[in-house]
Amino acid sequence: MRKSSFWLRCVIVSILPSVVFADMGDTLNIPAVSMFLVFVSGTLAITLWAARRTRTASDFYAAGGKITGFQNGLAIAGDYMSAASFLGLSGLVFASGFDGIIYSIGFLVGWPIILFLIAERLRNLGRFTFADAVSFRLQSTPIRSLSACGTLTVVLLYLIAQMVGAGKLIEVLFGFPYEFAVAVVGVLMISYVTFGGMIATTWVQIVKAILLLSGASFLAFAVLWEVDFSFERLFQSAVDSHASGNLILAPGQLISDPISAISLGLALMFGTAGLPHILMRFFTVPDAKEARKSVVFATGFVGYFYLLLFIIGFGAIFLVGANANYLDANGMIIGGSNMAAIHLSQAVGGDLFLGFISAVAFATILAVVSGLTLAGASAISHDLYASVFCKERPKDGSEIRVSRIATIVLGLAAMILGLSFENQNVAYMVGLAFAIAASVNFPILFLSMYWKKLTTRGAFIGGFVGLISAVVCVITGPTIWVSILGYAEPIFPYKHPALFSMSAAFISIYLFSIYDRSPDKAMEIEAFDNQFVQSIVGTIEEKK
Amino acid sequence: MIDLHKKQSGEVMAQDTYEKISLDFDFQKLVKDRTNFSWMLTGVMLVSYYTFILVIAFSPHWLGVPVSTGTIITWGIPIGIFLIILSMVITGVYVLRCNREYDGRMSEIISRLNV
């Protein structure tokens, strides 16, 4: 570990001055940059500390299973509350009112489902990745290849969306050029994950969650202060200032037809239960009981955060949207509706608080991309390298080395993709990631634990059907086919594919399992009973 | 017939331990109670959320009706907040019951079976 500490120090020494002395012109936001530097120094110190504690594969992937339920709940919240949800959802409430609430609810309702059906059994069956649990009784090679494909697709889509969002945001907030912002995010996330593994990632997420929750609490409090803590006045002021008037208090344009509404609802609810970076967090706690606690705390923090976002979004309508300082010549908000929360922070707390919220937004991005990169790296090193390539017998220490290399490769890929998608519309990517998680990871994980007759062949073929149908539906749908490729009519008429791709996945998993004639089928079904006991009881050696 | 290609997964117990536990009457009863409880709460979540989604899908204007005369607040707002609070509360209910009841019953079974 001495060697890695050395390299980590090199990163610190080379990044800090380059940020401080980079000549970015007079747009540089000094309070924001200084607060961000404090965050970076703090998290790099955590990483140094974590690097000394990262010795085994279990430390690297799962923080040695030593995180408590409360800590993990905060870390999950830190992993899940992305800049997209902070700025995007408050921006959505700012722009269209109630529609933003619909999305936030969708992002939250998956959590109880994870708790009731997934979290404890997952913890009892797996070690580092959700594929561990699925391959408990199914064949490792096909299952891990499938889940690595599902994981990497979700991770890369999510990473691109975060990287492009980060580049744009940092460009506006800090006055750094786009390329420099993407590079800083990339280098920092590679440092956290490569050196500090899950321990560093967890603590970065915890710190970020605390910062984000405090920042958002202050913003919401300031908004409520303006309206004397009267919700009637809050909504009245918002309606008076918004061009759509009281239409903002009812479902609007965003969800236009019943099929889209249902499909979006499915993707949000079950996508959450299939996100690899979230599922992975359940292995950082010692047992199922702590896994359970993590979800309660996570749901509490995330739910509280969304309640704050409503107040922030509606507050921004009259505090930002009706304030000429934040509007351009055409009366539109400067920087687009995603900047609503940022402008609001200046409106209620001045430049210093603006700096704080900007730094928090940057920290948010870093925490989320680190979690994603770690999940992607473990799909490569644990599922593909150690389990498929080495047939579960990797040479000592080689797995952790491969995971570090995979982290660096993924980080570089994220930076390159972030640069090449700079001027593309990436808003659909998180939606697609949720749809894929709901159509690949969720069905195989759920059915492996709840449906005895699931076979390897059924899961493998059905999982790929889900993956391919989700991708094809989005490519031929309105977002890519019409808006990006410029065709007049979409082939697939709906914006949200989950209703169709999830059905395709479940139906084909069912059919290919039932009509499976492979020799292993009987053994896989028989092993369900043992898996079931294991999933309920967990590791009883510790209890004796 | 758990075989050894499962080594990378969770810890694997001995075959007779599995059988001893799974054939135990109290274990079966506990699993049944717990599973029913989980599915009941899952049902509550699914019904509440998809009722909301179906209203948005088929009759969105319902959510735009003010909750009473003289207020601007529409039904959509309290219903939305209710769903958020429900998610938070229902997870708490589940964990409370697991901690108070199911965990104790499980450890009794394990110590009685002496596995």
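Reader: Which elements of chain A each supply at least two residues of the lining of the largest pocket?
Author: Those are α5 (83–96), α6, α8, α11 and α16 of chain A. Keep in mind that this is a predicted model.

Reader: About how much space lies in that largest pocket?
Author: About 1500 Å³.

Reader: And which lining residues lie nearest its centre?
Author: The largest pocket has 48 lining residues, and A:Ala84, A:Asn338, A:Val426, A:Ala427 and A:Tyr428 lie nearest the centre.

Reader: How does the lining of the largest pocket split by class?
Author: It has 31 nonpolar residues, 15 polar ones and two charged ones.

Reader: Now the second largest pocket. How much space there?
Author: The second largest pocket holds about 730 Å³. It is lined by 41 residues, and the closest to its centre are A:Arg123, A:Asn124, A:Asp287, A:Ala288 and A:Gly538.

Reader: Which elements give two or more residues to that lining?
Author: From chain A they are α3 (57–62), α6, α13 and α20, and from chain B they are α2 (25–58) and α3 (76–113).

Reader: Which one gives the most?
Author: α6(A), with eight residues. By class, the lining of the second largest pocket divides into 17 nonpolar, 12 polar and 12 charged residues.

Reader: Switching to the interface. How many residues of chain A are in contact with chain B?
Author: 74 residues of chain A are in contact with 63 residues of chain B. The two chains bury about 5900 Å² between them, with 72% of that on carbon and sulfur atoms.

Reader: Which three residues of chain A supply more of its buried area than any other three?
Author: A:Phe116, A:Arg292 and A:Asn530, which supply 11% of the area chain A buries against chain B.

Reader: How many salt bridges across the interface?
Author: Three between chain A and chain B. One salt bridge joins the side chains of B:Asp103 and A:Lys289, at 3.8 Å from N to O.

Reader: Which element supplies the largest share of the side of chain A that touches chain B?
Author: α6(A), with 15 residues. Other elements that supply at least two residues each include α8 (140–174), α13 (288–319) and α20 (521–537) of chain A. That side of chain A divides into 44 nonpolar, 16 polar and 14 charged residues.

Reader: What lines the largest cavity?
Author: Among its lining residues are A:Phe128, A:Phe130, A:Thr151, A:Met280, A:Ala375 and A:Asp383. α14(A) gives the largest share of that lining, four residues, and α12 (276–281) of chain A also supplies at least two. The lining divides into seven nonpolar, three polar and one charged residue.

Reader: And which residues line the second largest cavity?
Author: They include A:Asp79, A:Gln205, A:His277, A:Met280, A:Arg281 and A:Ala375. The elements of chain A giving two or more residues there are α9 (178–226), α12 and α14.

Reader: How does the lining of the second largest cavity divide?
Author: Into four nonpolar, four polar and two charged residues.

Definitions and conventions
Residues numbered from 1 in each chain as written. Chains lettered and ligands numbered in written order. Predicted model: local features only at pLDDT ≥ 70, side-chain atom pairs only at ≥ 80, totals over all residues. Heavy atoms only, no water. Contact = heavy atoms within 4.5 Å. Buried area = accessible area lost by both parts, 1.4 Å probe. Salt bridge = Lys/Arg side-chain N within 4 Å of Asp/Glu carboxyl O. Nonpolar A, V, L, I, M, F, W, Y, C, P; charged D, E, K, R; others polar. 1 Å grid on protein atoms, 1.4 Å probe; cavity = no way out; pocket = protein on both sides within 12 Å on 5 of 7 lines; lining within 4 Å. Points joined across faces, edges and corners; volume = space filled by probe spheres on them.
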